[in-house]
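Visitor: I'm new to this one. Could you show it to me and let me ask how you know what you say?

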Amino acid sequence: MSNIPRDEACRRLPEPVQGDKDDEACSSPPSSHGEVVRRGVEIRSPVALVLCGGGSRGAMEVGFYRAIRDLGVPVDFIIGSSIGALNGACLGAGMRPEKVAELWCNFRRREALRIKLRGLLAPWRYAAFFDLDPLRRRLREVLPVTRFEDLPVPLIVVTTDLQEGKPVYWSETGDIVEPVIASMSLPGVFAPVEMEGCQFVDGGIANNVPLDKAVELGARTILMIRCTCCEPSLKPFRGIARVLVRSFSIALERKFAAELEHFRALVQVHSVQPRFPHEIDLLDFRYSGELIDAAYRQTIEYFTAPDAGAGSFVCSSNTIPAEGVAPE
């Protein structure tokens, strides 16, 4: 059992470094794009990178981070929920976004999950159909560091306490891998992770886009890309999995829309809504490379456009916009 500190309020983070950083894990040297960002977009420290859940669409967070790094935008700390916790662990540990992109593009389900026959045969007795043991082992192999205190960039991982019914945040000291696995453990699909005698499941259940935690920790600027934006669909949804995933995404999107309006009055929020020429199911990992590339290009566009920083794109169109066309 892990000895990770469990604290809903999250213990105090190390003081953020003001201004730009030289650490390669956080940003690259300022480029011409970076100069444009400084002229046209207000970036006030401390800067929080908020990485939300979104299943296979989480690949976009890698392209987003690569873009802000190439633009010379600093990041003082990372908060990750669900698949965002996985990306946050990789980036916070110092992995270059190109390496993380390679992991996404080479992803195979058998390398991340394992079927639990007992769950299939007796679902009324067992908590899940799959477990994430292969991913757990893989993370321990590829992460440069596996403890919070060794991270080059501070990381907060969001999980949901199944007993208490509230978000729990893990940071500062202790093992990284178990909280990350817990944050990705969608109930019913993956078994809860037991830590300190309690069960923890997907962080997206309690706080998929932790803007409130970023503000609580002192962020004056929040950077994020939206991975669960529910564009209207002209096609019916078939099958239990697709109906459940779509319904879950709608709930998350509605909650986020309300929170965004509230927190934009308190802090500068740069929220990029990616556009893709066709729908990508949250469980479809075939398009990781395309998602990463689209997110990279559209993040560069967002921060370098004449009206950059005016706000985030909103899910308001009746059809999915073609690539390169911003929703009104």
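Predicted model: local features only at pLDDT ≥ 70, side-chain atom pairs only at ≥ 80, totals over all residues.

Visitor: Fine. Why is Leu139 called buried?

Guide: Buried means under 20% relative accessible area. Leu139 has 3%, so it counts as buried. You'll find Leu139 in helix α6, residues 133–142.

Visitor: What is Leu139 in contact with?

Guide: Leaving aside neighbours within four places in sequence, Leu139 is in contact with Leu86, Val177, Val180 and Ile181.

Visitor: How do you know that Lys99 and Glu102 meet in a salt bridge?

Guide: The rule asks for a side-chain nitrogen of Lys or Arg within 4 Å of a carboxyl oxygen of Asp or Glu. For Lys99 and Glu102 the N to O value is 4.0 Å, so the pair passes. Both residues lie in helix α4, three residues apart, about one turn of the helix.

Visitor: What makes Arg136 and Glu178 a salt bridge?

Guide: Their side chains meet at 2.7 Å, N to O, and the cut-off is 4 Å, so they qualify. Both Arg136 and Glu178 are buried.

Visitor: Which parts does that pair tie together?

Guide: Arg136 lies in helix α6 and Glu178 in helix α7, so the pair ties together parts that are 42 residues apart in sequence.

Visitor: How many salt bridges are there by this rule?

Guide: The count comes to twelve. There's also a network of salt bridges linking Arg66, Arg69, Asp70, Arg96 and Glu98.

Visitor: What makes β10 and β11 a pair?

Guide: Strands pair if there are at least two bridges between them. Five bridges join β10 to β11, so they pair, and they run parallel. Strand β1 is joined to β10 by three bridges, so that is a pair as well, again parallel.

Visitor: Which residues have the most contacts inside the largest nonpolar core?

Guide: Leu49, Ile68 and Leu223, in a core of 82 residues. Among the residues Leu49 touches are Ile68 and Leu223.

Notes. Residues numbered from 1 in each chain as written. Heavy atoms only, no water. Core = buried A, V, L, I, M, F, W, Y, C linked by side-chain atoms within 4.5 Å. Buried < 20%, exposed > 50% of the residue type's maximum accessible area, 1.4 Å probe, protein only. Contact = heavy atoms within 4.5 Å. Helix = DSSP H or I, 4+ residues; strand = E, 2+ residues; numbered from the N terminus.
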